[in-house]
Amino acid sequence: MRTIFTLKILLLCTFLSVSGFEVSAKEESPEGSKKDIKTEIKEYIDHHLKDSHDFSIFSYTEDNGEHVYVGIPLPVILWDEGLKVFSSSKFHHGETIAEAGGNYYALEHGKIYKTDAEGNLNHDEEGHVTNAKPIDFSITKNVVMMIITGALMLWLFSSLARSYAKNNGVPTGAGRFFEPIVIYIRDDIARPTIGEKRYRKYMPFLLTIFFFIWFLNMFGLTPLGINVTGNIAITFGLALLTFLITNFTGTKDYWKHLVDPLGDAMPWYGKIPIYIILVPIELLGLIIKPFALLIRLYANMQAGHIVLMSLIGLMFIFKSWIGSPLSFFLAFAITLIEVLVALLQAYIFTMLSSLYFGFASEEHDHEEEPELAHL
């Protein structure tokens with residue numbers, strides 16, 4: 001019954017995405033001429049992948065040519081000669097100019113620029129907008145979803161902790177589902193890679209990063225167009241946390257290995273020519289490791305959304321009783337795969353972070369080195 005319910009939810013999400021795509025594909029340009037369907041599909045995919053100042057559910061065009069957008073506006077918070085706060089609905093998805101405190105602002109490609117009352121934007125030779133940009137502290141949909149995910153995790157695991165206290169260490173309700181995951185991260189990820197002596201101090205971060213990425217990935221499969229982990233700024237922030245924790249908690253042996261990889265295996269004058277190449281490579285690894293974390297999560301989630309939206313778009317290109325159903329079922333199959341990828345990417349990020357923490361926690365028993373060398 002749970003499997004059937006999950007499949008129904010996934011099918012509904014795919015259907016809602018198709019419905020929203022269909023409404024978007026029927027929109028007309030301001031001149032009244034229908035846009036090319038391939039252009040519509042590309043714009044829809046770009047809109048889905050990018051962050052925005054509102055939650056767009058769907059839109060349609062009335063007979064008089066007016067665009068009607070159905071969604072949830074979010075607060076725009078700007079610092080421009082003082083604090084300016086107003087609703088993103090004033091932009092009407094970039095079609096109108098917003099006025100706040102006597103200043104005028106325009107929304108162009110997801111960025112807010114200061115302009116005049118007519119909304120004139122100046123461009124350079126390469127087409128980039130040259131208008132001044134206020135400092136933007138707006139609460140975008142990605143920020144909202146991170147806040148919601150953080151609140152959900154706080155409530156969920158606080159409830160899990162209370163259930164442990166009330167039932168003598170036995171979880172109840174949703175805790176029965178999450179407890180095996182927590183134990184798996186502790187016993188099969190943290191302990192083997194970090195070691196029994198030091199794994200405990202890293203557990204809060206490992207658990208937080210796993211569930212945070214997993215929940216955000218799952219929210220990304222909803223029809224609301226949420227693509228938090230497909231934003232490279234977000235994955236950069238997560239990888240930066242791993243980088244800082246790794247290096248600030250690194251032991252003396254960890255840092256010695258970076259600057260003196262060969263140790264006492266050979267005299268110092270013999271290591272100089274080798275270290276000219278070896279030490280820069282070791283130090284470069286400090287940057288490569290977190291970069292691999294951020295680019296892997298970003299690329300996999302971004303690619304999954306592009307493939308899924310492209311398959312949905314093929315329905316409106318084929319427009320046949322064979323091609324459209326085939327595209328729909330392919331999109332549904334990719335959605336099922338994305339459910340697995342959402343969990344897998346959270347696992348990989350957590351596992352690699354744990355490995356890096358293990359490298360930083362390494363300690364060598366120098367007293368046993370002569371005996372080991374003799375053996």
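**Notebook: cavity, helix pair and strands**

I began with the lining of the largest cavity, where H6 gives the largest share, four residues. I am working on a predicted model, in which local features need pLDDT of at least 70 and side-chain atom pairs count only at pLDDT 80 or more, while totals for chains, interfaces and linings use all residues. Residues are numbered from 1 along each chain as its sequence is written, and side-chain values use heavy atoms, with hydrogens and water left out.

**Cavity.** I searched the whole structure and found one cavity of 30 Å³ or more, and I noted a volume of about 90 Å³ for the largest cavity. For the term I used a 1 Å grid over the protein atoms alone, a cavity being a set of points where a 1.4 Å probe fits but cannot get out, with lining residues having an atom within 4 Å of a point. Grid points are joined across faces, edges and corners, and the volume is the space filled by probe spheres set on the points. I listed the lining as Thr 242, Phe 243, Thr 246, Asn 247, Tyr 254, Leu 286, Lys 289, Pro 290, Tyr 356 and Phe 359. At least two lining residues come from each of helix H6 (232-248), helix H8 (268-318) and helix H9 (323-360); helices (H or I, at least four residues) and strands (E, at least two) are DSSP runs, numbered from the N terminus. By class I counted six nonpolar, three polar and one charged residues in this lining, where Ala, Val, Leu, Ile, Met, Phe, Trp, Tyr, Cys and Pro are nonpolar, Asp, Glu, Lys and Arg charged, and the others, Gly among them, polar.

**Helix pair.** I then looked up helix H5 (residues 203-219), which packs with H6 at an angle of about 170°, the axes being 12 Å apart. That makes H5 roughly antiparallel to H6 (over 145 degrees), with axes fitted to C-alpha atoms over the stretch in contact and angles running from 0 to 180 degrees between N-to-C directions. In H5, Phe 205, Ile 209, Phe 212 and Ile 213 meet Leu 238, Leu 241, Thr 242 and Ile 245 of H6 (contact means heavy atoms within 4.5 Å).

**Strands.** I found an open sheet of three strands in the order S4-S3-S8, with antiparallel pairing (two strands pair if DSSP finds at least two bridges between them). Elsewhere in my notes, five bridges join strand S6 (residues 103-108) to strand S7 (residues 111-115), and His 109 in their hairpin takes a positive phi near 55°.

Terms used
1 Å grid on protein atoms, 1.4 Å probe; cavity = no way out; pocket = protein on both sides within 12 Å on 5 of 7 lines; lining within 4 Å. Parallel < 35°, antiparallel > 145°, perpendicular 65-115°, else oblique.
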